[in-house]
There are 2 protein chains.
Amino acid sequence: MLLKINIPISEKLFLIDPTSSRLGKSILLSAIELIDEIGFEKFTFKKLGVIIDSPEASIYRYFKSKNQLLTYLISWYWGWMEYRLLFETANIESAEYRLQRAIALITTAGDEKIEMDGADISKLHTIVISESAKSFLTKDVDKANKEGAFYNYKQFVAMVASIIKEINPRYKYPNMLLSTIIEGAHLQVFFAEHLPMLTNKQASADYITEFYKDLAFKSIKNTI
Amino acid sequence: MLLKINIPISEKLFLIDPTSSRLGKSILLSAIELIDEIGFEKFTFKKLGVIIDSPEASIYRYFKSKNQLLTYLISWYWGWMEYRLLFETANIESAEYRLQRAIALITTAGDEKIEMDGADISKLHTIVISESAKSFLTKDVDKANKEGAFYNYKQFVAMVASIIKEINPRYKYPNMLLSTIIEGAHLQVFFAEHLPMLTNKQASADYITEFYKDLAFKSIKNTI
DNA sequence: TTAAATTCGATAGTATTACTATTATATTTG
DNA sequence: CAAATATAATAGTAATACTATCGAATTTAA
């Protein structure tokens with residue numbers, strides 16, 4: 001996960017680089033498992049310490065708070081998504097088709113059973129769906145932003161936005177459309193499971209993908 | 001606020017009805033002020049107690065947790081929005097025009113300086129933008145849902161969805177479109193202030209309204 | 001109208017959480 | 001191999017979220 005492809009993470013998102021030691025790596029891997037299992041609210045360094053058989057103070061040497069650890073994991077996720085996007089859109093001429101691939105990637109990233117160095121990507125995806133809003137909807141958002149917490153997310157949005165600009169250079173809202181699609185797609189997955197009246201679940205597995213593809217292309221094609 | 005128009009709140013969202021006593025009402029009013037000021041993470045019953053000059057245990061007699069209090073406030077907000085929607089769409093023949101009004105209501109609800117019995121609605125709107133995702137993105141969402149925590153929100157979505165069904169009875173995604181618009185519009189306000197690279201802020205004040213109106217009508221008109 | 005029942009708010013707690021200061025133990029380096 | 005450095009463990013603390021209990025005030029019912 002953290003070695004084979006090198007995903008850049010801001011140095012301000014950790015105290016000691018967790019990829020640089022055995023303990024650091026087991027913190028990351030077990031944190032994904034535990035947050036996925038019990039949710040970020042109930043997640044504590046003490047509980048994580050029991051699982052990896054280290055005292056909580058050792059974890060504090062790597063991350064100064066559980067919020068910083070969550071931010072690290074989400075930043076890693078978007079770095080990984082950027083990497084996936086490059087692969088998914090490589091060697092494809094048509095900007096339209098590249099955008100379709102990008103939206104499909106956003107809406108189905110959790111479906112695949114991918115493991116990188118023991119980290120379960122689909123569990124990380126679940127964490128991103130349920131917890132990522134909490135990482136930016138805080139009073140500390142400006143400070144976190146300065147520390148590069150959302151760099152990889154913004155980078156991903158910028159990359160897909162540039163595809164939209166290729167399709168329609170006059171379209172004024174590429175970033176707005178994308179953040180709407182990304183956050184919307186994540187919420188629909190959650191709603192389908194827990195609050196079905198807030199979505200319209202369909203028989204076909206890819207209805208979320210189809211909905212947001214349709215939304216994107218209709219919005220882009222005819223300029224407001 | 002809590003008397004003049006009677007907004008129905010599930011009985012499971014409080015221990016003692018806060019509208020039934022002086023203390024209860026001051027809990028609600030001061031909670032809006034304090035959560036808006038310091039954010040929900042740093043909000044505690046102890047701090048609220050200092051402001052209203054009552055011990056925290058007295059607040060616990062009304063709400064069993066600070067989460068329950070937040071859920072109450074958000075539920076009240078959506079009850080109020082339902083009331084506003086009825087007013088905004090009353091006596092208007094055209095379903096298209098009613099939908100336009102509904103979207104404008106969603107995207108501009110925080111702009112007006114309305115006070116109801118001392119409660120600042122625009123501060124409540126800010127709270128809904130920053131904190132409402134936290135009220136449902138938890139492991140307890142199913143329990144909260146059973147207790148009617150999201151009843152008013154779902155009701156609001158259902159009401160606007162029925163307008164969409166009037167415009168195009170064959171449209172398959174009215175609820176999905178609406179939750180996308182509502183949560184999206186809230187996020188864009190937040191992004192414009194804190195993470196501008198995730199949106200496309202424009203000179204005109206109503207660009208968010210225009211964007212989502214355009215998105216809605218394009219999506220509804222041509223069925224997928 | 002007065003005793004019983006109930007509501008209400010205050011006091012004084014507890015377990016847990018998030019985090020830190022300090023010390024002990026490896027590991028690396030010159 | 002000794003000094004410097006990195007790493008981890010111990011033992012804390014302040015604050016948080018919440019509870020059990022008690023006395024006073026209010027309401028209800030005979």
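Predicted model: local features only at pLDDT ≥ 70, side-chain atom pairs only at ≥ 80, totals over all residues.

Modeller: Residues are numbered from 1 along each chain as its sequence is written, chains are lettered from A and ligands numbered from 1 in the order in which they are written, and side-chain values use heavy atoms, with hydrogens and water left out.

Biologist: Why is Leu48(A) called buried?

Modeller: Buried means under 20% relative accessible area, exposed over 50%, and partly exposed in between, with a 1.4 Å probe and protein chains only. Leu48(A) has a relative accessible area of 0%, so the residue is buried.

Biologist: What does Leu48(A) touch, not counting residues up to four places away in sequence?

Modeller: Contact means heavy atoms within 4.5 Å. By that rule Leu48(A) touches Ile27(A), Ser30(A), Ala31(A), Leu34(A), Phe43(A), Ile59(A) and Leu69(A). Leu48(A) itself lies in helix H2 of chain A, where helices are DSSP runs (H or I, at least four residues), numbered from the N terminus.

Biologist: What makes Asp53(A) exposed?

Modeller: The relative accessible area of Asp53(A) is 70%, and the residue is therefore exposed. Asp53(A) lies in the loop between helix H2 (45-52) and helix H3 (56-60) of chain A. Its phi is near 60°, a positive value in a residue other than glycine.

Biologist: Why is the pair of Lys123(A) and Glu33(A) called a salt bridge?

Modeller: A salt bridge requires a side-chain nitrogen of Lys or Arg within 4 Å of a carboxyl oxygen of Asp or Glu. The closest N and O atoms of Lys123(A) and Glu33(A) are 2.6 Å apart, and the pair forms a salt bridge. It links distant parts of the chain, with Lys123(A) in helix H6 (residues 121-136) and Glu33(A) in helix H1 (residues 22-38) of chain A, 90 residues apart. Lys123(A) has 24% relative accessibility and so counts as partly exposed.

Biologist: How do you know that Lys42(B) forms a salt bridge with Asp140(A)?

Modeller: The closest N and O atoms of Lys42(B) and Asp140(A) are 3.9 Å apart, and the pair forms a salt bridge. Across the interface of chain B and chain A the rule finds two salt bridges.

Biologist: How much area do chain B and chain A bury between them?

Modeller: Buried area is the accessible area (1.4 Å probe) that two parts lose on being put together, summed over both. For chain B and chain A this is about 4,900 Å², 67% of it on carbon and sulfur atoms. Leu137(B), Met176(B) and Phe211(B) lose the most area in chain B to chain A, together 15% of what that side buries. The contact takes 53 residues from chain B and 53 residues from chain A.

Biologist: Why are the two copies described as related by a two-fold rotation axis?

Modeller: Copies are superposed by least squares on the C-alpha atoms of residues with pLDDT of at least 70 in both. A rotation of 180° with 0.0 Å of shift along its axis superposes chain B on chain A, with an RMSD of 0.0 Å. The two copies are therefore related as by a two-fold rotation axis. The same surface serves both copies, since 100% of the contact residues of chain B recur in chain A.

Terms used: Helix = DSSP H or I, 4+ residues; strand = E, 2+ residues; numbered from the N terminus.
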